[in-house]
Amino acid sequence: MDEVIQVTQWLSSITPRKKAKLFFFTTHADAPSPMVGSNDVDTHEETQLPLATTVALHNFKNIDEFLKKKVNTFSCYNVIENEITKTVYEYLRFYSACKYLDVVPPFLDLEKISAIQNKFEMTDEERDYRLLLDSADLVLEKVCDSLKPAGVSQMWTALRKDRNLIRGVKTIDIIGFFVDPNPTGIKECLFFFIVRFLQKADKINRVNTNRLERLIAQCDESSSCEEGKTIDFIIDSLRFYPTELYPFGFCLIMCVIEGRDGAMQEIEKTMEISRHLGMITHTEKNPTKETIELVKKELMKPKYQFYSSFTCWFMSHGDSNSMVLADGETIEREWFLTSFPDISTFQLKPKVFFMVSCRGANKFSLKGDEFEGQSATCDYYDIGSALIRNRMLDITDSVRDISYVQPMMDTLVAYSTILDHLSGRANTHGSIYVDRACVLMSENISRGRSLTEILEHLSQDLHEILQETMDEDRIVYKQACHYDSFFRKTLKLPYTRHPKEDVHSAPQ
């Protein structure tokens, strides 16, 4: 069959709502920074114009033309080229969006998708189409689905009143002041236009969504929300780090085994909970400084742009300032923690570090005969909210900026013990902190808990456990853990396990 006819038939089989969503997912706003060229502003105008004309004319002609062009250019793309460009990212986004919306063109060359994934050096696990979807866009899709056409229309009216923001923007004038968002697919096009416009204007990104939240807050709840939804519910959904679908993120496990009883148990537990949470996991046993440098270099590869979060478990001996590596060399803990968050592929994404090592030799010792012989060092105990948000001042947009971000932002560092103190271990099972952390995370999947809530529970749980030193003094003591957070949103554990799909490779 002629390719033009195939493309036409494919487009005619897609509903207007799905066309709007396919366009939105394909014109991803956060293009990889190394790939963005000097014509980036023109690209933004290109992606907004089809949405604007569709809303104004109630006609999907321009979106259809865009999707046709996307299919045709993909057909002509030469995979042999070695360079990974912004266009290559867009092809993977396009395929994953089609797969997500169940509108994959029957004539799409899936072998070519596989060849592109080879260029990214993707493993079998990473070929799951859900990795290629942008989790922030999925959250925005859910926000759109929660609003009625009247709600999006009210957002548009509120946006039009901000004259400083819209002055001189041609696509705003194309749509006009009054909009009828009721025809099928028009509500989606208008909402996605608002989102992409605010992103282009540097008013929102995957972390900073205050400007969008304020537009939604101005809607009338009785007329703007779909059944079962409220304005508060919709706004709250924007206050979590976007980690939708599989995988939950990338997990790096680094564990020094030499001279650490129970270290293999630590690896098994952290690998199990990471996979249980739906993370793709990589383990480095007995890391050295060279290993760490190689891992950092690996994480800068383009494929890690697709991950929505980063978690690292580092388990070793240590003191107040440093950690002992497998070859006996030490590294400064501060150097380790500040070097990873600056990796560009994980910017604006949550980064969590579990630092499991002693930070000194002090102990919170318990005195008295009643504590003698009491210790949970080798025993196990199975322990099976509403956030209060202060109203902020109405700071004007002129004194806000989301373009420049401190490298440590969106990072959380969890320590197994406080400064200058021991971190306890069981004889055969390794770190008690690791054990309790894995148990609590496993128990709280599907309960809607945030990571910080679990860490607070972990702090209480760990501090109840009596431990005993393994030297001849047999001192009974307690351990206190804590965390430092630079988070700007809440990181929730997934509600359900996200196993890898049976069919994860594109050609299959």
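## Strand S1 and its sheet

S1 and strand S3 (residues 310-315) are paired in the parallel sense, over six bridges. Pairing requires at least two DSSP bridges between two strands. Phe250 has Phe310 as its bridge partner in S3.

This is a predicted model: local features need pLDDT of at least 70, side-chain atom pairs count only at pLDDT 80 or more, and totals for chains, interfaces and linings use all residues. Residues are numbered from 1 along each chain as its sequence is written, and side-chain values use heavy atoms, leaving out hydrogens and water.

The chain has 20 helices and 13 strands. Both are DSSP runs numbered from the N terminus: helices are H or I with at least four residues, strands E with at least two. Of the 508 residues, 53% count as buried. Buried means under 20% relative accessible area, exposed over 50%, and partly exposed in between, with a 1.4 Å probe and protein chains only. The accessible surface of the chain is about 23400 Å², and 48% of that belongs to carbon and sulfur atoms. These areas come from the Shrake-Rupley method with a 1.4 Å probe; for residues, only the protein chains shown count as cover.

S1 covers residues 249-255. Seven of its seven residues are buried, so the rest of the structure largely encloses S1. S1 also runs parallel to S2 (residues 279-285). Gly249 has Met279 as its bridge partner in S2. Between S1 and S2 the chain passes through helix H16 (residues 263-276), in a right-handed β-α-β crossover. Right-handed means that, with the strands pointing away from the viewer, the path from the first strand over the helix to the second runs clockwise.

| Strand pair | Bridges |
|---|---|
| S1 and S2 | seven bridges |
| S1 and S3 | six bridges |
| S6 (residues 351-356) and S8 (residues 411-415) | five bridges |

In S8, Tyr415 is the bridge partner of Met355. The open sheet of six strands runs in the order S2-S1-S3-S6-S8-S13, with mixed pairing. S2 and S13 (482-485) stand at the edges with a single partner strand each, so one side of each has no neighbour in the sheet.

The buried residues of H4 are Ile63, Asp64, Phe66, Leu67, Lys70, Val71 and Phe74. They cover an arc of only 160° around the axis, which puts them on the same side of H4. The arc is that of the directions from the helix axis to the C-beta atoms. Lys61, Lys69 and Cys76 are exposed on the other side of H4.
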